[in-house]
Amino acid sequence: MTSAVQPGSDAEAILDRGVRKIGHMLRAREVSASEIARACLARIRRHDGHLNSFITVTEERALARAAQADAELARGVDRGPFHGIPYALKDNVDTAGILSSSHSRIFADRVPAEDAEVARRLAEAGGVLVGKTATFEFAIGGPAWDLPWPPARNPWNRDYLPGGSSSGSGAAVGAGFVPGAVGTDTGGSVRWPAAMCGVAGLKPTYGRVSRRGIHPNTYSLDHAGPLTRTVEDCALMLGAMAGHDPRDPGSIDVPVEDYAAALTGDVRGLRIGLVRHWYASDGHPEVVDAVDAAVAVLRSLGAAVEEIVLDPLQDYVDAKTTLSVSELYAVHEADLKTRPGEFGRHLRTRVIGGALIRAEDYIQAQRWRTELVTRAMAHFRRFDLLVTAGWLAPADPADPDGADFFRKRLLVTMPFSLTGMPALVVPCGLSSGGLPLSLQIGGRPFDEARVLRAGDAYQRATAWHHARPVLP
Amino acid sequence: MPEPRPATREEIAVMARLAGLDLSPEHFEELVGAYANLEPMLWRLRRGRDRADEPAHVFDPRKFMPVDPGTGR
């Protein structure tokens, strides 16, 4: 790469100001999209060798696209808040003419002819794609050291993992390489890396963002969502991604709100159900303290918080895992039968058992899902939002021989996956080891606006989202 | 209902064969390990619902109507 941008240059400083402020400066001609793109590329070149967040950096395309964004603004064409904003896509999202590997040897040379719908929408909104990010293999098999690309590392401490499966998207946003990145989330894969990397991550309602052109994990649970530094940026990026796609059978035709306009900073009178038992019993003590403190902030801002009890986490995890393993096996059956050795060990061991799950078990899990979702939704008669921890522990060490955390820990993200509710993760503290801790806010289906409003109000009252890692 | 018991290696081998898997010894060991984790989860699945209780996935035939290339709808 070649770039005139220097470390700590004005353009790099502007990069840290967020989507709205970058947009203001672009429109005021105080900076160009080309300068911002070069600042991103410079940071990636300087630091990503330590973090492995990108599989592909699309430098030439990014600079050409940024030049186009500048030219459009110069002639009065403004595509909206995402115009000229750099972003990254998880590598399981198809991009025309660009490697889309899903971080797997199986797809190591796969270059699609068409963009995924979410990639098309972000390009249409004027965004500047700077690259494709690392993931767990096919968004399930990782972190893995036996794949063609190494696992991404946590920007807060590269000896730790960034969560997953949208591991590179979380690391790239946490490191400040890009203001926003797209992740996918089946059981927590946007929210977990957001939690581990100290950024905001939103799993929208099931059906809110098109999944067409995204490699499937679990058809009945797959979502795509934004990871950004702030909730405001999350709202702006979701606005560019969301909308009905008649070619995605899971897409639901509900009007897209102006999410950024909903960020009033006011949570007075909001009724919040606190699901404390999900994190109080199994959460790391520092997580418990940080989330309790965050809830106290929401209370102090005027929200009415009441502790409630939902079904145990284990119930959601069992139902979700039965569905996922069955559907994952259906997706990968042909390759698992003919070339199992080309997958990483983690994917094989997580998916191959799906061959032995009976159809009856899958249907019973779907019926149990109905029951769990109905009971969870009933709480919205009394509450506007549900709040709990974003993850139950700080980041795990990057240890190839470490315990499989899918088996050692319940996933507090899964209830929101199974119910399809929107759920937002925001940073709410740092552990004694200097690793991010997080809060999770869930809401009614298609009520992203209120979820984002609460998260934004929390960020206006606190400073955790301003904390930055010192990059290696 | 009798107390469930873990599947034996021989039973897993039969299930794998019926599922069409022809695994190397190394990959068969991975399957045995994976199934040991899945099996208790399957036992925990709640059953015994009313026969009319439907699964969470609902078929909506409108989703599969052809899309008009002009309008995108």
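1. In chain B, the residues B:Arg9, B:Ile12 and B:Ala16 of helix H1(B) meet B:Leu31, B:Val32 and B:Tyr35 of helix H2(B). Residues are in contact if their C-beta atoms, placed from the backbone, lie within 7 Å. The residues of this contact divide into 5 nonpolar, no polar and 1 charged.

2. The model is predicted: local features need pLDDT of at least 70 and side-chain atom pairs count only at pLDDT 80 or more, while totals for chains, interfaces and linings use all residues. Residues are numbered from 1 along each chain as its sequence is written, and chains are lettered from A and ligands numbered from 1 in the order in which they are written.

3. H1 (residues 9–18) and H2 (residues 25–44) of chain B pack at an angle of about 105°, with axes 11 Å apart. H1(B) is therefore roughly perpendicular to H2(B) (65 to 115 degrees). Axes are lines fitted to C-alpha atoms, for helices over the stretch in contact, and angles run from 0 to 180 degrees between N-to-C directions. Helices (H or I, at least four residues) and strands (E, at least two) are DSSP runs, numbered from the N terminus.

4. Chain A has an open sheet of 11 strands with mixed pairing, in the order E1-E3-E2-E4-E6-E5-E10-E11-E9-E7-E8. Strands pair if DSSP finds at least two bridges between them. The edge strands are E1 (54–57) and E8 (304–307) of chain A, each pairing on one side only.

5. Within chain A, strands E2 (residues 86–90) and E4 (residues 180–185) run parallel and are joined by 3 bridges. A:Leu89 stands opposite A:Val182 in E4(A).

Note on methods. Angles under 35 degrees count as roughly parallel, over 145 as roughly antiparallel, 65 to 115 as roughly perpendicular and the rest as oblique. Two residues are in contact if their C-beta atoms, placed from the backbone, lie within 7 Å. Ala, Val, Leu, Ile, Met, Phe, Trp, Tyr, Cys and Pro count as nonpolar, Asp, Glu, Lys and Arg as charged, and the others, Gly among them, as polar.
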